[in-house]
Amino acid sequence: MEKECGIWINVLSHKLKKCMNANVQSLGLTGVQSRVMHYILVKYADGPVFQRDVENVFGFSRSTATGILQLMEKNGLIQRESVASDARLKSLIPTEKAAQLDIQVEEYLRRTEQRLTHGLSSTQVTLFLETIAHMSENLDR
């Protein structure tokens, strides 16, 4: 039996998580935390970042995002600050510790992406990104 798309995506996801976890373990992070931390650092430069932004970008449920962000806060990677216009909202603020770790995280992300796409043409990568985005939209319907 040939593997179906869903199985291949699951296998690839598992391998990618395993690779990222191994890379950032020495930094005291998980692969998911490293990606979330990097996202917050990049987006924070353009303006406030909120939990719902993390939920939307990574496809996390509210409870999953809460757990990840609480652990990141406990580990000194982010702080939460109330927003003056809406006390219910808390802005996610990266710490200096996060900024220092991100230098290495960014390098791990870059190397992982290179390893992942090694031997693929830019056309193949573009086609894959378009295809996977379409599949994601299909599941949202």
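The structure is a predicted model, in which local features need pLDDT of at least 70 and side-chain atom pairs count only at pLDDT 80 or more, while totals for chains, interfaces and linings use all residues. Residues are numbered from 1 along each chain as its sequence is written, and side-chain values use heavy atoms, with hydrogens and water left out.

**Overall build**

- The protein chain holds 6 helices and 2 strands, where helices (H or I, at least four residues) and strands (E, at least two) are DSSP runs numbered from the N terminus.
- Along the sequence these elements follow the pattern α-α-α-α-β-β-α-α, and the C-alpha atoms fill a box of roughly 55 × 40 × 25 Å, taken along the principal axes.
- Of the 141 residues in the protein chain, 28% count as buried; buried means under 20% relative accessible area, exposed means over 50%, and partly exposed lies in between, with a 1.4 Å probe and protein chains only.
- The protein chain exposes about 9,800 Å², of which carbon and sulfur atoms supply 54%; accessible areas come from the Shrake-Rupley method with a 1.4 Å probe, and for residues only the protein chains shown count as cover.
- Among contacts (heavy atoms within 4.5 Å) between residues at least 6 apart in sequence, 50% join residues at least 24 apart.

**Packing of α1 and α5**

- Helix α1 (residues 5-24) packs with α5 at an angle of about 145 degrees, their axes being 10 Å apart; the axes are lines fitted to C-alpha atoms, for helices over the stretch in contact, and angles run from 0 to 180 degrees between N-to-C directions.
- On the α1 side, L12, L16, C19, M20, N23 and V24 meet V105, Y108, L109, T112, R115 and L116 of α5.

**Salt bridges**

- The count comes to 3 salt bridges, each defined as a side-chain nitrogen of Lys or Arg within 4 Å of a carboxyl oxygen of Asp or Glu.
- E107 and R110 meet through their side chains in a salt bridge of 2.4 Å, N to O, and, being 3 residues apart in helix α5, they are separated by about one helical turn.
- R111 also forms a salt bridge with E107, with the closest N and O atoms 3.1 Å apart; these two residues lie 4 residues apart in helix α5, again about one turn of the helix.
- The side chains of E73 and R80 meet in a salt bridge at 3.2 Å, N to O, with E73 partly exposed at 33% and R80 partly exposed at 25%.

**Nonpolar surface patch**

- L12, L116, F128 and L129 form a nonpolar patch on the surface, with about 350 Å² of accessible area together; patches are made of residues with over 30% relative accessible area and no salt bridge, like charges being joined within 9 Å and nonpolar side chains (Val, Leu, Ile, Met, Phe, Trp, Tyr) within 5 Å.
- L116 lies in helix α5 (residues 96-117) and is partly exposed, with a relative accessible area of 36%.
- L12 and L116 are also listed among the residues through which α1 and α5 meet.
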